[in-house]
Amino acid sequence: VNMDSKYDDDDDYESKQQEGKYQEQKELDSHGNEKSRRDRISDDDLLERVQRYFFEDDAFTKTFENFVKEESRIIDITSDEYKLEYTEVYERFKALFERTLERYITQQGCTILDFYNAMSAKQESDPDGSFAIFGQILVSVTDFHIFMTMMRESARAQSHK
């Protein structure tokens, strides 16, 4: 049995890991055994990519604009009460948002846990930084009251057409 590491020079690996060239992450293989992934993109790169996707990808934006436009038809703009069906639409919106982001993150070779861990670390290390603010924006997108404001605005706009 060959006991040599595929990284013969451990010092080289450690220095590259500190430079952010390798990031080790524990993951389970198909048999439930722990395996190590060293070639995942850096946390900063992951956060930058997701942020760009969120703010700049037209298809991403259109997905949610279409959802709001279609679903806001059920909103009664003459009443301030929240009907049960609004909660159901909100749950579908959240699921669509989470699924869409998770699909993109997976396409980057990462998991949603990688993203949450990277975001948490940034929020702790730099609570006023751009990634921390981006994290707050992501959370606000899935806030029920903000969702309902967006839905009411869309319903009002459609009622004026």
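Reader: Which ring does F67 pair with, and at what angle?
Author: The whole structure has 17 aromatic pairs. In one of them, F67 pairs with F93. Their centres are 5.6 Å apart, with 50 degrees between the planes, and the pair is tilted. F67 sits in helix α3 and F93 in helix α4, 26 residues apart, so this pair links distant parts of the chain.

Reader: And F93, buried or exposed?
Author: Buried. The relative accessible area of F93 is 2%.

Reader: Which pair is edge-to-face?
Author: F54 and F134 form one that is edge-to-face. The centres are 5.5 Å apart and the planes are at 70 degrees. This pair also links distant parts of the chain: F54 is in helix α2, F134 is in helix α6, and 80 residues separate them. Both F54 and F134 are buried.

Reader: OK, zoom out. How many helices and strands are there?
Author: Seven helices and two strands. Starting at the N terminus, the order is α-β-β-α-α-α-α-α-α.

Reader: What share of the protein is buried?
Author: Of the 161 residues, 32% are buried.

Reader: How much of the contact count comes from residues 24 or more positions apart?
Author: Among contacts with a separation of 6 or more, 63% are between residues 24 or more positions apart.

Reader: What average pLDDT does the protein have?
Author: The average pLDDT is 83, and 76% of the residues score at least 70.

Reader: Where does pLDDT stay under 50?
Author: Over residues 1-25. The model has 32 contacts beyond four places in sequence for that stretch. Where pLDDT is low, the predicted coordinates should not be read in detail.

Reader: Back to α3. Which residues are buried there?
Author: F60, F64, F67 and V68. Looking down the axis of α3, the buried residues fall within an arc of 95 degrees, so they line one face of the helix. On the other side of α3, D58 and A59 are exposed.

Reader: What covers that buried face?
Author: The cover over the buried residues of α3 includes α2, α4 and α7.

Reader: How far does α3 reach, end to end?
Author: From first C-alpha to last, α3 reaches 20 Å with 14 residues. That is close to the 20 Å expected at 1.5 Å a residue.

Reader: And α2, how far apart are its end C-alpha atoms?
Author: They are 19 Å apart. The 14 residues of α2 should span 20 Å at 1.5 Å a residue, which agrees.

Reader: Which residues of α2 are buried?
Author: L46, L47, V50, Q51, Y53 and F54. Down the axis of α2, they fall within an arc of 160 degrees, so they line one face of the helix. What covers them includes α3, α4, α5 and α6.

Reader: Pick L47. What does L47 touch?
Author: Leaving out residues up to four places away in sequence, L47 touches F115, A118, M119, K122 and F131. L47 is buried, with a relative accessible area of 0%. L47 and K122 are 75 residues apart along the chain, and their C-alpha atoms are separated by 9.4 Å.

Reader: Now T100. Which helix is that in?
Author: Helix α4. T100 counts as buried, at 6% relative accessibility. Beyond residues up to four places away in sequence, T100 touches Y53, F60 and F64.

Reader: Last topic: how many residues has the largest nonpolar core?
Author: It has 33 residues. V50, F97, F115, L138 and F147 have the most contacts inside it. The elements giving two or more residues to this core are α2, α3, α4, α5, α6 and α7. The largest share, nine residues, comes from α4.

Reader: You mentioned F115. What does F115 touch?
Author: F115 touches L46, L47, V50, I105, F134 and L138, not counting residues up to four places away in sequence.

Technical notes:
Residues numbered from 1 in each chain as written. Predicted model: local features only at pLDDT ≥ 70, side-chain atom pairs only at ≥ 80, totals over all residues. Heavy atoms only, no water. pLDDT = per-residue confidence, 0-100. Contact = heavy atoms within 4.5 Å. Core = buried A, V, L, I, M, F, W, Y, C linked by side-chain atoms within 4.5 Å. Buried < 20%, exposed > 50% of the residue type's maximum accessible area, 1.4 Å probe, protein only. Helix = DSSP H or I, 4+ residues; strand = E, 2+ residues; numbered from the N terminus. Phe/Tyr/Trp six-rings, centres within 6.5 Å; stacked < 30°, edge-to-face > 60°. Expected span 1.5 Å × (residues − 1). Arc of directions from axis to C-beta.
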